[in-house]
Amino acid sequence: MDAIVKNFPQTTPESSRPTQKEAEDAVRTLLRWAGDDPAREGLLDTPARVAKAYRELFAGYEMDAEDVLGRTFEEVAGYDDMVLVKDIPFFSHCEHHMVPIIGKAHVAYMPEGRVLGLSKIARVVEIYGRRLQTQETMTAQIAKAIDETLRPRGVAIMIEAEHMCMAMRGVQKQGSTTLTTTFTGSFKTEPADQARFMSMVRGR
């Protein structure tokens, strides 16, 4: 079944975004709710630090994958085989519990006359990783962004990740890994391309 990717708004309009003070007050409320005293010495600067950290951890809302993927290269000397960037590390956050998702992404595409700078692929993973996510959605978003911008013959994405919502809470099963894949174009229609992608990813 094909993944369905909804086009969520990229950012909250500045006019409706809470102020820095409101964000810090919210952190103080959570500290009190957790049972601690935000007025004690060790926590005095925590609200400001958390607000600053959130700006960094969720910086993906401020970035657009289309802008990152906009520049391509046509001088490829006729190269038309698979381009694979594997083991791209990322840190994301579960949209259900706001705890970390830690993993790596493997991204491949079949060029159609144009190629991307390799760093651009890692940047796209970063953009979608630094948002509140489900792994399934993130996998589909990366594929969709590359497919629609580059128009290659096919795109293949595999993401492997550990979810702290399973390791730190709930069933508390440490070390379990979730694997998701999305294939478009030739990777979807040609079993040999898909098999080669999987083999190259696993051939560490």
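At what angle do the axes of helix α1 and helix α2 cross? The axes of α1 (residues 20-34) and α2 (residues 46-57) cross at roughly 115 degrees and come within 8 Å. The model is predicted: local features need pLDDT of at least 70, side-chain atom pairs count only at pLDDT 80 or more, and totals for chains, interfaces and linings use all residues. Residues are numbered from 1 along each chain as its sequence is written, and side-chain values use heavy atoms, with hydrogens and water left out.

Two packed helices are described by the angle between their axes and the distance between the axes. Axes here are lines fitted to C-alpha atoms, for helices over the stretch in contact, and angles run from 0 to 180 degrees between N-to-C directions. The crossing of α1 and α2 is right-handed (a crossing is right-handed if the near helix is turned clockwise from the far one by less than a right angle, and left-handed if anticlockwise). On the α1 side, Gln20, Ala23, Glu24, Val27, Arg28 and Leu31 take part. They meet Thr46, Pro47, Ala48, Val50 and Ala51 of α2. Contact means heavy atoms within 4.5 Å. By class, seven residues of this contact are nonpolar, two are polar and two are charged (Ala, Val, Leu, Ile, Met, Phe, Trp, Tyr, Cys and Pro count as nonpolar, Asp, Glu, Lys and Arg as charged, and the others, Gly among them, as polar).

The chain holds eight helices and seven strands. Both are DSSP runs numbered from the N terminus: helices are H or I with at least four residues, strands are E with at least two. The C-alpha trace spans about 65 × 40 × 30 Å along its principal axes.

Five strands form an open sheet in the order β5-β2-β3-β6-β7, with mixed pairing. Two strands pair if DSSP finds at least two bridges between them. The edge strands, β5 and β7, each pair on one side only. β2 and β3 run antiparallel and are joined by nine bridges. Proline 89 stands opposite lysine 104 in β3. Helix α4 packs on the sheet and touches β2, β3 and β5. Its direction makes about 20 degrees with that of β2. Helix α5 also packs on the sheet, touching β2, β3, β5, β6 and β7. The direction of α5 makes about 155 degrees with that of β6.

Strand β6 (residues 154-163) is mostly covered, with nine of its ten residues buried. Ten bridges join β6 to the antiparallel strand β3 (residues 100-110). Methionine 110 has glycine 154 of β6 as its bridge partner. β6 also pairs with β7 (residues 178-185), in the antiparallel sense, over eight bridges. Isoleucine 159 stands opposite threonine 180 in β7. Leaving aside neighbours within four places in sequence, threonine 184 is in contact with Asp147, Gly154 and Val155.

Helix α4 (residues 118-129) has twelve residues. Its first and last C-alpha lie 17 Å apart, close to the 16 Å expected at 1.5 Å a residue (1.5 Å times one less than the number of residues). Ile121, Val124, Val125, Ile127, Tyr128 and Gly129 are buried in α4. The buried residues of α4 pack against several elements, including α3 (65-68), β4 (115-116) and α5 (135-150).

Note on methods: Buried means under 20% relative accessible area, exposed over 50%, partly exposed in between (1.4 Å probe, protein chains only).
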